[in-house]
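Work through the exercises below with the model open. Each task is followed by a stepwise solution.

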Amino acid sequence: MRRILILVASLILVVCGVCAGLATWVWNAAALSTEGRVAFVNRLAVPPLAPSRMDGQGRRVFDLRAAQAVHDFGGRTATAWGFNGTYLGPTLRAARGETVAVNVHNGLTETTTVHWHGMHLPAAMDGGPHQSVQPGQTWSPTWTVDQPAATLWYHPHPHGATATHVYRGLAGLFIVDEATTGADLPHRYGIDDVPVIVQDRRFGPDRMIEEPTAFTDDIGFLGDTVVVNGTIGPYLDVTTERVRLRLLNASNARGYAFGLADDREFAVVASDGGLLAAPHRMRRLTLAPGERAEIVVTMRPGERTVVRSTPPDLGLNPIGRRFVGGVDTLDILELRAAATLAPSAPVPGRLVDLPVADPSRAVAQRAFRLAGHAINGRRMDPARVDATVTKGTTEVWRPLNADGAPHTFHPHGVSFRVISADGRAPSPELSGWKDTLYLKPDVRYEILVDLPHYADPHVPYMFHCHVLEHEDRGMMGQFVVVEPGGTAGAPHGSHG
Ligand code: C2O
Ligand code: CU
Ligand code: CU
């Protein structure tokens, strides 16, 4: 439908002068700006830290229960889904080296799953479409956290229904800590270290509207109302000179270019999978669905400023761009500094030692061509293995956006490094650990993937576009990790 509208709009614009009025309407209807028009009247909700307990085997145990509820978004209530609450879920937190277990209870009336996005863990614990949790059932994955400190997240992954389950509110953060890093960064949760989970929604009188509009049917859902941590029109009281925002784009399909309304610089200190080698100062940071970043903003006493998303550089043509939210400006969150601010340590010049992303370590190369809701011409089939890799090895993968629509690439169970984009080194904010990468159309990306250290010939990991409607329509494939010389088994169907 969107393609047709684009085509119609293009034809009208080019050929038919007399229809300029209609063209203007279509054109204008596809752009959105809330700049200066959001009333920041609701205190930003901060997801609670999930309580945990140590069990007899020394595991840190969490409980998550997904259920339907009525959520107050701040002046608007709507039926929503949440974990242990009315919308989103608590922040899970564990340190590298700890063994965790999570009891995931499904209190909904339909089957779901919970996937640990960005976590390095065995495929059977990953929570993808093969780890269904039926209504009334509890699934209890367990694994040992073994990766750098990072802002990861969790969300459902039932094949064909991920978009709706996330849209309704099932998502949360999983923060991995590491004793040896980040001590000089703001780190008091909810005070100077604050989750900022950004989603776009559309509201009817008493409900969230789930249906994409005619414009957005093909791209995925685009909303007109930004919700942060489940709050509309949110403000954050800042009491320290510096505040660290853990940004998660948990929207189904929308990309953002985050910045401050007064264009001040901020320091990007982390990408999806951990800290950057050094902070990178910038004014606009683009995050596609599924991507995270941690930024440190410096505030002056008594001031207010707004986190605003300006039109992101999605690498699209001017017409296509307009119909996927690519020209939208959205006010996200107001930062309100107290009259006096507690001192914060300066952002350190060096953050962490990152290994060189050396492609000579790669034992194989693989191409992934994303086009038409398929990858390499195939749509997701839960019973098909698309790639077999060897445990603990490293490969060069080449994801390519070949159809001009916005796509991202996200492999499960791993972190990767961007080696190059069209032969050039990645920009600094993309130079650290990543697990989700926005693919500009036709740009040749090369990524170095450190494959999982867990072999299981029968249970696959997913790779997919994180535009959730694309994923649901089949833009997803499966890879299996085997021991050296091993062969892939036969995965069950998605409800196996
Ligand atoms: Cu956010 Cu397949 O994941
Ligand atoms: Cu994932
Ligand atoms: Cu896509």
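**Exercise 1. Identify the protein donors of the copper ion (ligand 3) and describe their spacing in sequence.**

Solution. 
- Step 1. In this predicted model, the copper ion (ligand 3) has three protein donor atoms to list: His-407 (ND1), Cys-465 (SG) and His-470 (ND1).
- Step 2. Read the donor residues along the chain. Their spacing is H-x57-C-x4-H.
- Step 3. His-407 sits in strand E28 (residues 407–411) and His-470 in helix H5 (residues 468–472), so the pair ties together parts 63 residues apart in sequence.
- Step 4. Check accessibility with the cut-off of under 20% relative accessible area for buried. His-407 and His-470 are both buried.

**Exercise 2. Locate the largest pocket and characterise its lining.**

Solution. 
- Step 1. Take the volume: about 450 Å³.
- Step 2. Find the centre. The lining has 24 residues, and Thr-286, Ser-427, Glu-429, Leu-430 and Lys-440 lie nearest the centre.
- Step 3. Assign elements. Strands E18 (266–271), E20 (285–287), E21 (292–298) and E30 (437–439) each give two or more residues to this lining.
- Step 4. Sort by class: 14 nonpolar, three polar and seven charged residues.
- Step 5. Assign domains. Domain 3 (193–342) and domain 4 (359–482) both contribute lining residues, so the largest pocket lies between them.

**Exercise 3. Which domains line the second largest pocket?**

Solution. 
- Step 1. The second largest pocket holds about 270 Å³ of space.
- Step 2. Of its 15 lining residues, His-120, Asp-146, Gln-147, Leu-451 and His-453 are closest to the centre.
- Step 3. Domain 2 (47–176) and domain 4 (359–482) each supply at least three lining residues.
- Step 4. By class, this lining has seven nonpolar, five polar and three charged residues.

Methods: Residues numbered from 1 in each chain as written. Chains lettered and ligands numbered in written order. Predicted model: local features only at pLDDT ≥ 70, side-chain atom pairs only at ≥ 80, totals over all residues. Heavy atoms only, no water. 1 Å grid on protein atoms, 1.4 Å probe; cavity = no way out; pocket = protein on both sides within 12 Å on 5 of 7 lines; lining within 4 Å. Points joined across faces, edges and corners; volume = space filled by probe spheres on them. Helix = DSSP H or I, 4+ residues; strand = E, 2+ residues; numbered from the N terminus. Nonpolar A, V, L, I, M, F, W, Y, C, P; charged D, E, K, R; others polar. Domains from an automatic or database assignment. Donors = N, O, S within 2.8 Å, 3.2 Å for Na, K, Ca; no water. Buried < 20%, exposed > 50% of the residue type's maximum accessible area, 1.4 Å probe, protein only.
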